[in-house]
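Subject: Structure for you to look at

Hello,

Here is the structure I promised to pass on. Please open it and keep it beside you as you read my notes below.

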Amino acid sequence: MFERFTKDARAVVRGAVEHAERAGAGTVDAEHLLLALLEREGSRASFALASLGVAGGVAGAGRQSVRDAVAEGRRRAGLSRADADALAGLGIDVSEIVARVEEVHGVGAMSGDRGDGGWWSGRRAFGRDAKGVLERSLRTAIAHGDRHIGDEHLLLALTTGGGVAAEALADHGVTHESLTRVLYGGGEGRAKAG
């Protein structure tokens, strides 16, 4: 499948591995793919994000807000707010659990960014959610009649999987529907990276 990845898509995957390594994460997760996508400039995904108001370069306010949302989700051990709300319905206060764990073990203790269980033969393993993004990006490319998998397909795939990355994007107006409109003009034209 990776032979179908464009230069931009490969750069996102490499960037995700680097994010996971810097964080000390056991695996590369969907959130790492999103963080790597946010760093891209001059690609179809960066054009789409800018069109939807998540712009401003690497240090831009919109992109930083998405990064902050991802960090907060990782502090909740990868639980989305919907997951936390469901647990609250059962009488489980995720915020209280996070606060207690962090009080004893330090901020970010539940993020999963401290182990090295993902190392094998010098390579970082991809978690189930990241593998799902890669698989959905292939299906997305095929569904749109594209011969290669670009960073825009990775971005589209992130919006369909649920979890922290999809929630952070949706909270900033980046949904599968809005991306499809920007990238494919409702199925008609194609957006060009600018």
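Predicted model: local features only at pLDDT ≥ 70, side-chain atom pairs only at ≥ 80, totals over all residues.

Start with α10 itself. The helix covers residues 176-184. Its buried residues are Ser 178, Leu 179, Thr 180, Leu 183 and Tyr 184. In general, an α-helix has 3.6 residues a turn, so residues three or four places apart point the same way. After α10 comes Gly 185. Its phi is positive, near 55°.

Now look at the ring of Tyr 184. Which residue lies over its face? Arg 44 does, at 5.5 Å from the ring centre. Aromatic pairs are another matter: a search of the whole structure finds zero.

Next, find Thr 159. This residue sits in the loop between α8 and α9. Is Thr 159 buried or exposed? Thr 159 counts as buried, because its relative accessibility is 16% and the cut-off for buried is under 20%. Leave aside its neighbours within four places in sequence, and Thr 159 is in contact with Ala 166, Leu 169, Val 174, Thr 175, His 176 and Leu 179. Leu 179 is also one of the buried residues of α10.

Last, go to Asp 171. You will find Asp 171 in helix α9, residues 163-171. Asp 171 counts as partly exposed because its relative accessibility is 43%. Asp 171 and Val 66 are 105 residues apart in sequence. In space, their C-alpha atoms are 8.4 Å apart.

Best wishes

Definitions and conventions
Residues numbered from 1 in each chain as written. Heavy atoms only, no water. Phe/Tyr/Trp six-rings, centres within 6.5 Å; stacked < 30°, edge-to-face > 60°. Lys NZ or Arg CZ within 6 Å of the ring centre and 35° of its normal. Buried < 20%, exposed > 50% of the residue type's maximum accessible area, 1.4 Å probe, protein only. Helix = DSSP H or I, 4+ residues; strand = E, 2+ residues; numbered from the N terminus. Contact = heavy atoms within 4.5 Å.
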